[in-house]
Amino acid sequence: MTGDRRGGGAVASIQIPMTARSIDRKFVSIAALSTLAAAFFFYAGGFMVPGGAMNFFFWADSISTGATLSPEISQRDVGFPLLIWLSGYRLTGSLTGIALIYALFAALMPMLIYWSLRPFAAWAALLTALASILSCGPYFFQKMLYHDQACIFFMMLTLCWYVLFVARQKYFWFYLFTAAAFFDSVTRPAMNLIFPALLLLAIVFGPRPLRWRHYVISLAAVAIVIAGYHAHRNKVFDVASLGYMPSYTGEQVFYATYINSADYGVDLSKRAGPALSEVRAKLWHALTEPTPEEAEQVKGFVASEPKEFADAELKPFAPEVLFERIWHQPNYEYLLLIETVVDDHTLLRSAVEIILHHPWYFATYTLRGAWHYLFDPGWAHTRFNTAGYVHVRLDFYPLLVDPTEAQALPARAQAEVLEPPAYPLLMEKIANGWLGFFNPLIKVTSVLMVLGWAILAIGARRFSRSFIGCFAGASVLLLYNALIVGAFAEADYRYEMMVMVLRVAVAGFGLATLLEALRQLDRAVCRWLERRGRSVRLEEDERAALALVARERLRQSPVNQAEPLRRAYAKLDPSGQLAN
């Protein structure tokens, strides 16, 4: 990449000249290592079918049969069910197809990192791609039957195609970036805003002069696809019969406003607006004067909880006492009880009220979660206790087998889930090594990210416009995830691993920034030394010429004037060169 000019100053290119053959060798080595790692975890890893996983399979069946879905599945999106359907699961009853798709995604992710950094720094691209393989980020969710792996892959694909658009200034890559961002947004609801965020950066750092027709075409295409997807959701959730679109948004937003309240001394029983008062009233009625339906709901909830928790935190208390405990000792199980008897729309309105009444509280727990997510992950409010915000255990998912919902799968798929991981001793050694590697990786990537941001903030004019745009895009993606988790979820290890590949990529941009800053510093020092050397040589030449003049004047001076001249020249030249 050649240098350009920005802000009137020279802008350095971060391209390291390499031959075509060496570039191919680097990429081929990354591709080979990543493919081998993905193949190993495909064969040796265990399947995980955690709670809620079957919702995706029900949706995949609906794509084939046209059947309507239960409203609670509305919290999911169509991306992962579509991949299940494309894998041939319905025809074969096997999980091999979707596992192969996820293995392909895993193998490609380090290559996407390499392609994202290669336009700026070949060695940084190689080292970053290798670090992503060692982090196990591409392979962590490879056999987990959830949307996590698909979300990570399409996020990295979005970043790669955005980088190529900004670096190469070709609109072909912009359309690919748009498609990847849209598919990521329909894979996991939390990713709905990544396209608008990156679109703004694409406009700022894209080709000049701006050709607005490309952006208009992109937005029109996205609007058409969104309209089609909305029609699909209307049909699959039978909105015509229900009279409303099922939603999970209220429960998700209310979660953080409720679960963090005790940590910050926020009493949700005070300054309650109309919506929160309605939530409290519905919960009070369900506990103290329930209708038959509410009594059945509460009874079913209590029966679904583990006996230890129910005996300690639910059954011993009178309804009035339990009501107060729910608001003063918030935990996940009490939240589920609230969600059992209160509709999603009311929860959404009450969450907005809490945020408006306690803006500092909202900002504080959001920033706390974002900080932990970026620099100290592994914090959450855990299940089946009232312990509050605690540090949680780190597990190596490829070593685990989780058949929680496997009984709903076909017999062939059940057998695949229940099959223990191959090479358990080797997998355990890999897990132990990875557990020891995790915290140093977090620290190193944190340092590189912060250094990169600081250097770019101080000396942005020294970097190319395209590099700044690409680094900004990667950083915005990471910070977006951090703020979403801080505001609406928990900074636990699962969410951290969902951005591990992205985190390593941002650290790679930080490394490229640091290498370029050191290169520019080295050039500046060399120029200073060169100027200093010329100055010293010039001074020596001037002294030599002055010595010749001095000797000539001394030779021609009368005897009575020679000694005073000699002393005067000695003061100018303490070394004695002129005096002699």
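At what angle do the axes of helix 21 and helix 22 cross? I shall begin with that pair. The model is predicted, so local features need pLDDT of at least 70 and side-chain atom pairs count only at pLDDT 80 or more, while totals for chains, interfaces and linings use all residues. Residues are numbered from 1 along each chain as its sequence is written, and side-chain values use heavy atoms, without hydrogens and water.

The axes of helix 21 (residues 424–458) and helix 22 (residues 465–488) cross at roughly 135° and come within 12 Å. Helices here are DSSP runs of H or I with at least four residues, numbered from the N terminus. Axes are lines fitted to C-alpha atoms over the stretch in contact, with angles from 0 to 180 degrees between N-to-C directions. On the helix 21 side, M449, G452, W453 and L456 make the contact, meaning heavy atoms within 4.5 Å; their partners on helix 22 include F467, I468 and F471.

Turning to charges, the whole structure contains 15 salt bridges, each a side-chain nitrogen of Lys or Arg within 4 Å of a carboxyl oxygen of Asp or Glu. D263 pairs in this way with R368, with closest N and O atoms 3.3 Å apart. This pair links distant parts of the chain, 105 residues apart: D263 sits in the loop between helix 12 (249–259) and helix 13 (274–288), and R368 in helix 19 (residues 359–375).

Finally, the backbone. Most residues other than glycine have a negative phi, and most peptide bonds are trans. Q169, not a glycine, has a positive phi of about 60°, and lies in the loop between helix 7 (148–168) and helix 8 (171–185). R208 and P209 are joined by a cis peptide bond, with omega about 0°.

Methods
Helices (H or I, at least four residues) and strands (E, at least two) are DSSP runs, numbered from the N terminus.
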